[in-house]
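Hi everyone, thanks for coming.

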Amino acid sequence: MSSHAPHPSVGPDAAARHAHRVGSRRVLSLVGGALLLPGLLLAQEPGVVVQVEVEPASIQIGAGENTPISARALDARGNEVSAEFTFAAPRGAIQIAGGVLLAVEPGYHEVVVSLFPAPEVRWEGEEPPSTVVPVTVGWPAVSEVHVTGGSALYEGSTVRHQVSAHHADGSPRPRRAADVRWSSSDPSVATVNEFGVVRGVGTGTVEIRAEVEGVAGSVSYDVRSFPAEQLEISTEARQVRTGDVVHFQVRALDGQGNEISDLPITWSHTFIAHDSIGSHVGGSGITRDGRFVGEYAGEYTILANAGRLTATHTLWVEHRGVVQPVEFRGQGRVGNQHTSDLWVWEGVDGRDYAITGTWGSGGWALIWDVTDPTNIVRTDSIQVDARTVNDVKVSPDGRYATMTREGASNRRNGLVILDLAEPAHPVIAARFDDDLAGGVHNAFPTNDHVFALSGGEKYVIIDVSDLYNPRRVGEFQYPGARIHDVWVKDGIAYSAQRPYGGIIVDVGDGRWGGSPENPVFVSKTGPTPEGGGAHTVYPYYQESTGRMLLFMADEILSREGHALGEGAGRSLVVDPYDPETGEGGRPSMSSGYMHIFDITDHENPVMIARYHVPEAGTHNTWVEDDVLYQGYWEGGMRVVDVSGELMGDIYTQNREIAVFKPFDPTGYIANAPFVWSAMPHKGHIFFSDFNSGLWAVEVTPREQMIP
Amino acid sequence: MIWTSLLAASLSAGELPPSPPVLTTEAATRASADPAATYWIYVLAESADRIHKIRYGPGGAEVEQSLPIGMFPVMMEGPHGIQVSPRGDHFYVTTGHGIPDGKFWKFDVQTGRPVSDPIDLGRFPATLDVTPDGLYAFVVNFNLYGAMVPSSVSTVYLPTLTEVARTETCAMPHGSRVSHDGLNQYSVCMMDDQLVELSTRTFGVSRRFSVVAGEEGPVAPMAAMEGDHHHAHHDPDSHADHSHHHPTCTPTWVDPSPDHRHLYVACSATDEVLEIDREEWVLVRRIPTGRGPYNLEVSPDGRLLVVTLKQGDGVEFLDRATGASLARASSTTRVSHGVVISPDSRYAFVSVEGVGAEPGKVDIYDLDTFERVASVAVRQQAAGIAFLRMEEPADS
């Protein structure tokens with residue numbers, strides 16, 4: 001045990017004793033030329049603090065409540081020493097001011113109370129003495145409990161119930177923090193288990209209660225005898241492929257042939273693989289409304305169950321059979337630096353062009369003539385003040401392009417607008433950084449406006465009718481925003497906001513009164529299942545179903561928690577191999593997947609499906625003519641059939657048409673596919689690869705076997 | 001738009017843009033005899049998400065270690081501020097570019113690895129400093145995003161890496177420094193022309209000082225509360241046009257003297273350093289400098305003020321006693337940034353950002369001769385710099 005006194009009030013030479021800066025560090029000082037080491041001599045002295053005592057020593061308190069808290073310093077003899085203290089507590093959970101502790105966030109927290117090292121204070125030990133006060137903050141009292149279930153309950157049928165609990169201020173109690181006790185007022189009529197599954201076992205009235213901390217909610221049933229004598233299941237589907245969503249109709253009839261519309265139905269299925277291995281589980285199941293999708297080719301038997309009745313329907317599901325060859329057509333190799341985003345367009349001169357950005361380099365964008373994908377020619381390069389041109393896009397009319405800047409030498413990032421009047425040789429029309437200095441990660445150009453992200457906070461809306469004089473006209477910021485990407489379609493802006501998922505805003509559609517000058521919030525999708533990843537959004541109108549879909553891709557650049565990648569899942573070094581040090585040259589790894597929402601009702605987005613390649617992660621997205629073109633980082637460029645109704649994980653449904661991994665032995669990191677963006681254009685697919693530049697491939701028809 | 005005229009460029013079609021620098025170890029240039037002692041510093045490459053450990057000693061200067069930092073390999077997270085714990089066992093780094101919050105990291109010096117996941121702070125956490133007891137870090141949330149609204153200083157309890165306070169101070173706080181007695185933390189407000197003092201006990205604002213040119217003096221608490229700000233909507237940290245901006249201090253840095261008596265504030269727009277009496281809370285004198293003083297440090301022996309000249313692309317050495325300029329040196333590349341001085345007051349280590357794909361540099365100056373004695377290339381945009389340790393020669 002040692003002590004020291006790093007203050008001028010102790011010892012003969014105050015200045016020399018003081019803790020002082022050594023370079024940027026502070027070290028303990030010399031006293032008379034000798035290091036002031038152990039404080040054993042001081043420890044027993046009166047007035048040398050050896051302990052901090054806090055009242056109360058531990059705290060149990062409810063959220064929103066407060067309590068006094070105080071501390072005192074004691075010397076070795078237990079005498080109080082005049083001193084002050086610091087109180088360290090997580091600021092979002094506990095607030096302490098003026099001797100009062102206010103509990104904010106439920107949970108277990110700690111307050112560390114430390115002696116404040118004022119000049120007149122001496123203490124034992126290297127660091128000022130401190131004491132940890134455990135604080136348990138309880139949830140506010142539950143004031144309301146709601147139970148939801150079915151419309152009817154019959155003897156022998158089952159209905160699953162759900163419960164929600166709320167506090168007096170209307171905030172919900174998380175399910176994990178609610179201890180729910182289910183009960184039935186008459187178990188001879190209906191039973192309920194710990195999951196809220198209620199089964200009618202007799203007839204009569206019954207109340208099903210869910211109690212949370214003494215507050216109960218309930219639903220009541222008049223349980224009647226099971227009325228059905230017959231259960232029928234049918235579907236119009238005949239030729240079914242993996243990935244097709246099949247709708248079933250079920251009819252329950254009583255002894256007189258009358259239909260019973262409110263009979264609770266449960267669904268299940270059995271499966272026999274077409275190769276008779278019989279080991280596949282098969283199918284992503286059936287939802288309550290009687291939809292089914294098969295993941296594997298084989299024989300499925302769908303079962304509808306109600307009480308003692310079961311109806312079945314057997315289907316044969318064919319392999320989807322959409323795989324097509326994908327063939328290399330050309331490459332605009334960039335092997336000396338990383339490539340970022342791309343955009344392909346038909347120039348006003350009738351030729352086809354691509355623009356690609358560069359990453360972690362000198363702020364370049366490259367212009368390519370891709371009219372002949374087998375002979376990609378770079379026509380120009382444009383440099384701006386940046387280290388990364390993360391995002392490049394071209395307006396629908398081909399009039400202008402946007403380049404986003406990060407790493408500007410003066411830290412004024414922003415947007416650069418290129419005039420594409422001569423597409424092979426664009427010129428800088430304007431540089432716009434008003435409200436964008438923090439960095440523009442992504443932007444979306446329409447013919448008249450650019451929606452430019454401002455530092456992860458919001459998007460700024462810029463009128464670019466005059467390219468050379470862009471004008472800020474509006475902005476949108478979601479409360480607590482975590483924005484990463486924005487896409488605009490038909491006057492509606494869709495943004496990916498990491499933990500909040502997708503945010504839908506009227507910026508000109510008008511149904512909600514929005515305009516570029518006055519964006520109006522419409523709805524949000526809510527968080528994605530794995531949370532925190534919403535990175536890209538792509539709105540798509542699916543003509544075949546009349547549905548509006550929102551494809552929302554994660555970006556998770558690590559594989560923490562996955563067997564593949566755990567421990568080495570986050571490779572932050574994206575440098576080429578250095579033979580001198582042996583460092584670099586290693587491919588990066590990613591995870592995350594595509595979430596697909598039905599947003600036909602823009603005010604009520606519903607997640608309907610996913611596309612999840614298990615050993616890589618999603619990046620940028622394009623959908624056209626019911627085909628998804630997905631940059632899937634180390635998973636390559638992937639082409640996926642997204643026709644028809646979508647349900648379940650479309651990766652496991654044989655919907656993938658083609659996969660191309662751009663291996664380039666002369667890449668910036670050799671043979672390390674890491675696909676950023678993909679985009680179809682006039683029959684070819686162009687994509688940018690982080691390590692090897694621009695690529696053109698073509699999905700070709702499958703050769704038919706000639707008997 | 002100076003930048004556009006300087007750098008908007010294009011290449012002929014067949015010519016690929018130059019590669020970015022890829023540095024692992026690089027020999028330094030040396031202009032004079034190597035030192036007898038050995039010095040280690042850290043410098044951050046803000047646009048390459050790298051932490052470089054540089055050794056300078058017998059044999060010259062070199063990058064001894066290069067560490068990656070960040071959560072996302074394909075996003076630029078922008079390490080900006082760095083400080084070493086008083087014991088020298090940990091170092092702390094801020095990364096400015098988040099979504100949108102930046103992060104605060106704690107690294108183990110021995111392993112070079114983060115000791116845990118970083119924590120979120122405010123918008124663009126930048127400069128930081130640590131109290132002498134090693135318990136707290138004070139981090140300015142520079143917030144260069146969007147409108148110039150008041151931002152904050154975050155207090156982080158370091159043993160548990162917990163943000164315990166976020167105190168609103170002013171628009172674009174910068175240059176966090178804790179006084180050598182550990183009682184106060186100081187930062188300056190680039191857009192509000194203020195020096196702000198925090199209590200390291202309560203984490204609250206204790207005093208404010210206006211550095212508006214010609215109006216220097218204490219700011220009454222009520223005036224500060226009523227938002228008596230000078231919100232100039234331009235970035236003084238830039239090379240942008242200053243013509244529409246009233247020529248006032250636009251402070252970028254503050255450093256307390258080792259004797260606790262004075263505070264030195266770099267006025268980037270008026271090309272001077274203000275000396276402020278810490279106790280009396282009055283302006284003592286103005287010390288003229290070259291163009292764009294940005295960061296500065298008082299030498300531990302109290303003799304010198306070493307000032308980086310951001311717009312002047314150099315470094316200036318001032319006699320603290322007289323205020324006289326002893327020497328001015330050009331940096332080896334553009335955009336001079338930070339400075340740290342060795343504990344023996346022998347050498348100044350200056351980070352120089354570079355532009356675009358250019359490497360950043362650490363220029364090393366002999367504080368007796370004011371000559372550059374070495375220069376080490378690092379990754380892009382060399383920014384925050386901190387002293388790690390020094391070793392005397394074995395026979396000393």
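So, domains: the bounds I'll quote come from an automatic or database domain assignment. For chain A that assignment gives domain 1 (3-92 + 111-133), domain 2 (142-223), domain 3 (230-318) and domain 4 (326-699). Going by C-alpha atoms, the centres of domain 2 and domain 4 of chain A sit 46 Å apart.

Quick housekeeping. This is a predicted model, where local features need pLDDT of at least 70, side-chain atom pairs count only at pLDDT 80 or more, and totals for chains, interfaces and linings use all residues. Residues are numbered from 1 along each chain as its sequence is written, while chains are lettered from A and ligands numbered from 1 in the order in which they are written.

How confident is the predictor? pLDDT is its confidence in each residue, from 0 to 100. Chain A has a mean pLDDT of 90, with 91% of its residues at 70 or more. Watch residues 1-39 of chain A, though: the pLDDT there is below 50, yet beyond near neighbours in sequence this stretch has 99 contacts in the model. A contact, by the way, is two residues whose C-beta atoms, placed from the backbone, lie within 7 Å.

Now the overall build. Chain A has two helices and 61 strands; these are DSSP runs numbered from the N terminus, H or I of at least four residues for helices and E of at least two for strands. Along the principal axes, its C-alpha atoms fill a box of roughly 105 × 80 × 55 Å.

On to the two chains together. 77 residues of chain A are in contact with 72 residues of chain B. On the chain A side, strand 37 gives the largest share, six residues. That side divides into 26 nonpolar, 29 polar and 22 charged residues. Here Ala, Val, Leu, Ile, Met, Phe, Trp, Tyr, Cys and Pro count as nonpolar, Asp, Glu, Lys and Arg as charged, and the others, Gly among them, as polar.

Last stop, one residue in chain B: B:Phe91, which lies in strand 6 (residues 90-95). Is B:Phe91 buried or exposed? Buried, because it has 23 C-beta neighbours inside 10 Å. The cut-offs: 20 or more other C-beta atoms within 10 Å of its own is buried, 12 or fewer is exposed, and in between is partly exposed, with C-beta atoms placed from the backbone. Leaving out residues up to four places away in sequence, B:Phe91 touches several residues, including B:Tyr42, B:Phe107 and B:Ala386.

Methods:
pLDDT is the predictor's confidence in each residue, from 0 to 100.
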